[in-house]
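Let's take a walk through this structure, starting with the whole chain and then zooming in. Keep the 3D view open as you read.

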Amino acid sequence: MYLGSRSVVGVTSCTAALHLCLLAWEIGEGDEVITTPMSFCATANSILHVGATPVFVDVEEETGNINSELIEKAITEKTKAIMPVHLYGQLCDMRKIHEIAEKHKLVVIEDAAHTIEAQRDGVRPGSLSDCVCFSFYATKNITSGEGGAIATNNTEKANLLSKLRLHGIDKSAIDRYTKLYQHWDMSVLGWKYNMDNIQASLLVGQLERIDKFWERRNYIWNLYEEKLRGIKGIEILKTVADSRHARHLFTIQITDKKRDSVLISLQEKGIGVAVNYRPIHLLEYYRSTFGFKEGNFPVAEKIGARTISLPLYPGLKDIEVDYIATSLHDILKS
Ligand SMILES: *Cc1c(COP(=O)(O)O)cnc(C)c1O
């Protein structure tokens, strides 16, 4: 297995994976889960899906990852879990998060939708947590169009997760129909979240090429950094020293202009861009349900207001990176 974890359970998406992990570790109504506002809304939504409350903690300026120094302040008697997100492909400080979780007896569920390939201080996704969730959605580092997985070293929970992904029944179709028909039973209330065989077969080829894809994205990343170095008006988040970054999303922070005007200008030049992310707490549902407002998590808001994701995928050509860098130079000068 790529990450060396004991068990992997294939599911329909990373959202389903996060949801099932919360269920399997018995987190629900009345519980609080500490997470980051700088993520895709699926992270916090999964906490709402089990009736628990997401408690946001602001992020680090240099990486955009949850600020582990601020986590302890957010812990209450209701806190049951921490759900860190390895933003853009860079691992959070899992040693620190693990230490806090041990001290306060909290479950750690990693959202590694951006990050399969990373390493930091000898830690890889899942090495220091209860479970780690991956996405194989079309935009991710490896993909089956849609899909997800949970990796865990807890065999008992892996068995429970396998049941929970298929209604809570104890036999899959292959168990039921090979040889003589067998009765099946349902012991817990599960969901319809099983990864299908077609998705799984697509992933086999993707997994074989995972390091080759990473090499190419890493090369493009370094090319971007070289070509954009010294351009006035942008900043680039830091890669933590002596770590391997999964190189999922290459983002720039626009410092002197309105982000959205640069966003429009890049698209006018035919460059595909995205914003990852406007912080979750400022999305309409979270504002109106929980009363969040601007100023609650200033660092996440700063990144959310300034960030632009540039194209990053193995098929991107060097000459296209050149064109994007030159276009940025022109846009920021004007
Ligand atoms: C894409 C993504 C998800 C959701 O993944 P799905 O497989 O689409 O459910 C969750 N968290 C993060 C950080 C993501 O980027």
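**From the surface inwards**

The accessible surface of the chain comes to about 15,800 Å², and 52% of that belongs to carbon and sulfur atoms; areas here come from the Shrake-Rupley method with a 1.4 Å probe, and for residues only the protein chains shown count as cover. Bear in mind that this is a predicted model: local features need pLDDT of at least 70, side-chain atom pairs count only at pLDDT 80 or more, and totals for chains, interfaces and linings use all residues. Residues are numbered from 1 along each chain as its sequence is written, and side-chain values use heavy atoms, with hydrogens and water left out.

Of the 334 residues of the chain, 52% are buried, meaning under 20% relative accessible area, where exposed is over 50% and partly exposed lies in between (1.4 Å probe, protein chains only). The chain has eleven helices and twelve strands; these are DSSP runs numbered from the N terminus, with helices being H or I of at least four residues and strands E of at least two. The radius of gyration of the chain is 21 Å, close to the 20 Å that the globule rule gives for 334 residues, so the chain is as compact as a globular protein of that length. That radius is taken over C-alpha atoms, and the rule is 2.2 Å times the number of residues to the power 0.38.

Now find helix 7, residues 210-228. Buried residues in helix 7 include Phe213, Trp214, Arg217, Trp221 and Leu228. Among the elements covering the buried residues of helix 7 are helix 6 (197-208), strand 11 (250-254) and helix 11 (318-333). After helix 7 comes Gly230, with a positive phi near 85 degrees.

Next, look at helix 6, where you'll find Gln199. Is Gln199 buried or exposed? With 12% relative accessibility, Gln199 counts as buried. Leaving out residues up to four places away in sequence, Gln199 touches Ser144, Glu146 and Gly147, where a contact means heavy atoms within 4.5 Å. Gln199 and Asn218 are 19 residues apart in sequence, yet 26 Å apart in space, C-alpha to C-alpha.

Finally, Ser261 sits in helix 8 (residues 259-268). Ser261 is partly exposed, at 35% relative accessible area. Ile331 is 70 residues from Ser261 along the chain, and their C-alpha atoms are separated by 9.4 Å.

How values were computed. The expected span of a helix is 1.5 Å times one less than its number of residues.
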